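Work through the exercises below with the model open beside you. Each task is followed by a stepwise solution.

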Amino acid sequence: MATFDSSTKIWEGPRVAHPYSHHTSLGKEILKKLSETPERVLDICHDDETSMTCEETRIASIRIAQNLTALGIKKGDVIGFICSNSTNLPALIYGCLLIGAPINPLD
């Protein structure tokens, strides 16, 4: 149950065990989950009539992260997205998260 401290104006919830190590990154967890079911179709894009499996997405995410790093993008750099739906969009987002670059989808 959450409690509110009126003197500090801070809400505090109950303490729970953290499900992941403090050394685990979101990128590592994404790659781990994608490798657990490599043949499963992850994305089907009606617009261009293509699909990608978890393994294809995992490999594309790694390549995107490598290319972003080669371009000089580093952890903490914010990447803005202006795009339409495509099969490669999840891999692009995952690639950014792999290098620690948060994304900002722009409408």
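Axes are lines fitted to C-alpha atoms, for helices over the stretch in contact, and angles run from 0 to 180 degrees between N-to-C directions. The model is predicted.

**Exercise 1. Helix α1 against α2**

Task: Find at what angle the axes of α1 and α2 cross, and classify the pair.

Solution: 
- Step 1. Helix α1 spans residues 26–36. Its axis and that of α2 come within 8 Å and cross at roughly 150 degrees.
- Step 2. Angles over 145 degrees count as roughly antiparallel. Therefore α1 is roughly antiparallel to α2.
- Step 3. The crossing of the two helices is left-handed.
- Step 4. On the α1 side, the contact uses Leu31, Leu34 and Ser35. They meet Cys54, Glu55, Thr57, Arg58 and Ile62 of α2.
- Step 5. Sort these contact residues by type: four are nonpolar, two polar and two charged.

**Exercise 2. Placing Leu106**

Task: Is Leu106 buried, partly exposed or exposed? Which residues does Leu106 contact beyond its sequence neighbours?

Solution: 
- Step 1. Locate Leu106 in the segment after β6 (103–105).
- Step 2. Its relative accessible area is 44%. Buried means under 20% and exposed over 50%, so Leu106 is partly exposed.
- Step 3. Set aside neighbours within four places in sequence; Leu106 then contacts Phe81 and Ile82.
- Step 4. Check Gly80 as well: Leu106 lies 26 residues from Gly80 in sequence, with 6.5 Å between their C-alpha atoms.

**Exercise 3. The whole chain**

Task: What is the order of helices and strands, and what is the radius of gyration of the protein chain?

Solution: 
- Step 1. Count three helices and six strands. Their order is β-β-α-β-β-α-β-α-β.
- Step 2. The radius of gyration is 18 Å, whereas a compact globule of 107 residues would have one near 13 Å.
- Step 3. The C-alpha atoms fill a box of roughly 55 × 30 × 30 Å along the principal axes.
- Step 4. Of the 107 residues, 22% count as buried.

Technical notes:
Residues numbered from 1 in each chain as written. Predicted model: local features only at pLDDT ≥ 70, side-chain atom pairs only at ≥ 80, totals over all residues. Heavy atoms only, no water. Helix = DSSP H or I, 4+ residues; strand = E, 2+ residues; numbered from the N terminus. Rg over C-alpha atoms; globule rule 2.2 N^0.38 Å. Buried < 20%, exposed > 50% of the residue type's maximum accessible area, 1.4 Å probe, protein only. Contact = heavy atoms within 4.5 Å. Parallel < 35°, antiparallel > 145°, perpendicular 65-115°, else oblique. Left-handed = near helix turned anticlockwise from the far one by under 90°. Nonpolar A, V, L, I, M, F, W, Y, C, P; charged D, E, K, R; others polar.
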